[in-house]
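Dear colleague,

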Amino acid sequence: MPGPYESPYPDPPAPTELYQSMAAVRPSTIGPDSGPNPPFPLRMSGKVTSGFGRGSSELGIPTANLPVDGPECASWLPSADSGVYFGWASVSLPDESGEFGDATDRWRVYPMVMSIGYNPYYKNTVRSAEVHVMRKIHVDLRGREMRLLILEYVREEKDYPSLEALVCDIRIDIEVARRSLEREGWMVREVDERGRLDGSWLVRKAEEGREEKQGEAMGKSG
Ligand SMILES: Cc1cc2nc3c(=O)[nH]c(=O)nc-3n(C[C@H](O)[C@H](O)[C@H](O)COP(=O)(O)O)c2cc1C
Ligand SMILES: Nc1ncnc2c1ncn2[C@@H]1O[C@H](COP(=O)(O)OP(=O)(O)O)[C@@H](O)[C@H]1O
């Protein structure tokens, strides 16, 4: 099985001049090495839905959409700042060979970056929560339950003069998240034994996960 921080792109594109100029004004990591500060970690979960279908086709960066309202939603979400966040995502997937189908589903934990908001470049009128899992995934996630342990706020959502600039900034977010999550204070033990964070909620059985909704309402993990 590949390592947790492997790029989801088989051949990441060479950094363009625009990427380099935008990356030069961004920090390389976010948050102190010791780990997340309150109100993080924040939890949310939900069934992956369809978005506007632009992630893969227009941006080359697929995003799994999660519901942002309804009784099942995390209580902190409506008042959360719009913007980009990073952390860990879990999803229950079949055996990697795919041969044994759902009988061997188990929770996998992956690094993720996400945006919460109105996607100002596309001028959406409804708020969305969209998660890019930083790993190549060969299974359609729509209809599957996803859990998130959100560890840090990265930046505000922005409008951009071009699609290329939007894609560059998201790729920089992915790099910032990768470097930030590689620090021991930000790793979950469920992925790497050096990790100092408890990510057990991410891999709990469904029934136990539901009980944990109480904790989610407080916006805390652990
Ligand atoms: C890490 C990340 C950062 C993003 N930042 C922005 C942003 O600053 N401005 C914006 O308009 N959209 C932003 N987006 C949202 C993309 O525009 C969105 O994923 C794309 O429109 C695909 O949407 P769809 O899944 O509904 O098709 C971001 C998405 C991700 C995953
Ligand atoms: N690394 C990944 N991160 C998020 N979703 C992925 C990933 N790899 C494959 N997918 C799939 O791509 C879908 C999102 O694709 P996208 O083009 O953004 O479509 P839509 O906007 O219609 O949901 C997800 O629901 C999931 O099934």
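Below are the conventions, followed by what was found.

The model is predicted, so local features need pLDDT of at least 70 and side-chain atom pairs count only at pLDDT 80 or more, whereas totals for chains, interfaces and linings use all residues. Residues are numbered from 1 along each chain as its sequence is written, while chains are lettered from A and ligands numbered from 1 in the order in which they are written.

The protein chain has 6 helices and 6 strands, these being DSSP runs numbered from the N terminus (H or I with at least four residues for helices, E with at least two for strands). Their order from the N terminus is α-β-α-β-β-β-β-β-α-α-α-α. Of its 222 residues, 32% count as buried, that is, with 20 or more other C-beta atoms within 10 Å of their own, C-beta atoms being placed from the backbone; 12 or fewer makes a residue exposed, and the range in between partly exposed.

Strand β1 (residues 42-47) is largely enclosed by the rest of the structure, because 5 of its 6 residues are buried. This strand pairs with β6 (residues 145-155) in the antiparallel sense over 6 bridges, where pairing requires that DSSP finds at least two bridges between the strands. Leu42 has Ile150 of β6 as its bridge partner.

The largest nonpolar core has 41 residues, and those touching the most other members are Phe86, Ala89, Met112, Val113, Val131 and Leu148; such a core is a set of buried Ala, Val, Leu, Ile, Met, Phe, Trp, Tyr and Cys residues joined through C-beta atoms within 7 Å. At least two residues of this core come from each of β1, β2, β3, β4, β5, β6, α3 and α4. Leaving aside residues up to four places away in sequence, Val113 touches Val84, Phe86, His132, Met134, Asp173, Ile174 and Ala177, contact meaning that C-beta atoms, placed from the backbone, lie within 7 Å.

Arg196, in the loop between α3 and α4, counts as partly exposed because it has 14 C-beta neighbours inside 10 Å. With residues up to four places away again left out, Arg196 touches Gly35, Glu184, Gly185 and Met187.

Turning to ligand 2, 20 residues surround it, the closest being Gly51, Gly55, Ser56, Pro62 and Leu141, and a residue is near a molecule if its C-beta atom, placed from the backbone, lies within 6 Å of it. Two or more residues of that shell come from each of α2 (55-59), β2 (64-66) and β5 (128-133), and α2 gives the most, with 3 residues.

With best regards

Note on methods:
Two residues are in contact if their C-beta atoms, placed from the backbone, lie within 7 Å.
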